[in-house]
Amino acid sequence: MTRADTARTAAVLALTAGTALLAKRAMGRRIERSPLWPMPALDRPVSGTMGLRRTGPDRSERTVRVTGRHAVADRVVQLRLGAPDGAALPDWEPGAHLDLVLPSGLVRQYSLCGDPAEADTWTVAVRLTDDSRGGSRAVHEQLHEGAELRVRGPRNRFPLAEAPAYLFLAGGIGITPLLPMIRAVAAANAPWRLVLGGRTRASMPFLDELAALDGGQGRVTLVPQDEAGHPDLAGALAGMPPEAAVHCCGPAPLLDAVTALCEGERAPGGGLHLERFTAQPPDAAGPNHPFEVELRRSGRTLAVPADSTALAAVRAACPDTAYSCEQGFCGTCRTRVLQGPVEHRDELLSDAERDAHMLLCVSRARGAGQRLVLDL
């Protein structure tokens, strides 16, 4: 190549670079003048993958390794999780849970049931359910010792209340969030009782540890259904001082029965504190009304029928919208709400988070014909 050719090539490159710079500046000015800019960025976990601006990685998400695994009851496996490098893990308090990002991409929540004093270990226990939607089966079949997975948290929506006495009511695997609470209460020498129901004695986890915590004081009542039927909830409540706090976790019939017993004058002075396995049925929050969602970034307005969800409507228009549990637990479909009244039906978001976000899978507009404007 001659010197003249070299000079012409350099000139072309300089012109191209200059043109690109001018185009970039022009686009920047156009964006600044746009009435839709700047828009609030979606917090993680985001609701879709439409090329929107992100706020960066979820700082609570990390990789952990299964450092131990063993059965603690029929169809119940306990996993011990640690950092791959053995480093300390974030602190947590009784009642906290983790979001496990399973190999399939499903996100499921499981209560931490270990000891908060173990700085390098998180422990969860998972029952394999007959109607598994993929979560418990993935844990049992794929998460063996040495496996690595991503987790989010810990987060606590079910903290141990301050009270002079405690009654713990659990159904089956519902003992998992209560076990660390019982350890803490026992260590503080506060009065406590536990009523634990289950289908069979063999299906009830952590019986040896519960017996050790009881120390022969008769504070633990086991009620295997095949031996003794259903727990005497009214008797358990009547046997506690009125200022006791009641913490309950288990299937919906148990929680509904306890709630009914604790209404009105029988409300415990320390409060009734519940954690559910699944979301409440849709009619528990009132009737469903049709409404609209406006996707502000794309300019679309979508109708949501009374018998459908905002998630279904959004995914029909934007098939790559992320979701997982469809029950208001995992937070994968969390979306920023720019305008409109939301009827929150999830079991995840805090009051502060509900000021600006909703879970598309369960939450709706408050009232018929309302419109929600979403940052999508």
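In helix α7 (residues 252-261), L254, L255 and V258 are buried; buried denotes under 20% relative accessible area, exposed over 50%, and partly exposed the range in between, with a 1.4 Å probe and protein chains only. Viewed down the axis of α7, these buried residues fall within an arc of 95°, so they line one face of the helix. The arc is that of the directions from the helix axis to the C-beta atoms. The buried residues of α7 pack against β7 (166-171), α6 (233-238), β10 (245-250) and β11 (272-276), where contact means heavy atoms within 4.5 Å. Helices (H or I, at least four residues) and strands (E, at least two) are DSSP runs, numbered from the N terminus.

The model is predicted: local features require pLDDT of at least 70 and side-chain atom pairs count only at pLDDT 80 or more, whereas totals for chains, interfaces and linings use all residues. Residues are numbered from 1 along each chain as its sequence is written, and side-chain values use heavy atoms, with hydrogens and water left out.

**The six-stranded sheet**

An open sheet is formed by 6 strands in the order β4-β3-β6-β1-β2-β5, with antiparallel pairing. β4 (107-111) and β5 (122-127) stand at the edges with a single partner strand each, so one side of each is left without a neighbour in the sheet. From one strand to the next, the twist averages 40°. Two strands pair if DSSP finds at least two bridges between them.

Strand β3 (residues 97-101) pairs with β4 in the antiparallel sense over 5 bridges, and with β6 in the antiparallel sense over 4 bridges. On the β4 side, D99 stands opposite Q109, and V101 has V107 as its bridge partner. On the β6 side, V101 stands opposite R150. The hairpin of β3 and β4 has 5 residues between the strands, and G105 in this hairpin takes a positive phi near 100°. Of the 5 residues of β3, 5 are buried, so the strand is largely enclosed by the rest of the structure. H97, D99 and V101 point one way from β3, while L98 and L100 point the other way.

Helix α2 (residues 135-142) lies across β1 (61-73), β2 (76-82), β4 and β5, and runs at about 115° to β5. Axes are lines fitted to C-alpha atoms, for helices over the stretch in contact, and angles run from 0 to 180 degrees between N-to-C directions. G135, S136, A138, V139 and H140 of α2 are buried, and their cover includes β1, β2, β4 and β5.

**Backbone geometry**

The peptide bond from G153 to P154 is cis, with omega near 5°; P154 is placed in strand β6 (residues 148-155). Two loop residues are also noted here. R75, in the loop between β1 and β2, has a positive phi of about 65° although it is not a glycine, and is partly exposed at a relative accessible area of 42%. N189, in the loop between α3 (175-187) and β8 (192-198), has a positive phi of about 60° and is likewise not a glycine; N189 is exposed, with a relative accessible area of 72%.

**Aromatic pair**

The structure holds 1 aromatic pair. The ring centres of Y166 and F168 are 5.9 Å apart and their planes are at 5°, so the pair is stacked. Rings of Phe, Tyr and Trp (its six-membered ring) pair if their centres lie within 6.5 Å; planes under 30 degrees apart count as stacked, over 60 as edge-to-face and the rest as tilted. Y166 is buried, with a relative accessible area of 6%, and F168 is buried at 0%.

**Salt bridges**

A search of the whole structure finds 18 salt bridges, each defined as a side-chain nitrogen of Lys or Arg within 4 Å of a carboxyl oxygen of Asp or Glu. Several of them are listed below.

| Pair | Closest N and O atoms |
|---|---|
| E292 and R371 | 2.8 Å |
| E294 and R371 | 3.4 Å |
| R297 and D375 | 2.8 Å |

R297 lies in the loop between β12 and β13 (300-304) and D375 in the segment after β18, so the pair ties together parts that are 78 residues apart in sequence. R297 is partly exposed at 23% relative accessibility, whereas D375 is buried at 0%. Salt bridges that share partners join E292, E294, R296 and R371 into one network.
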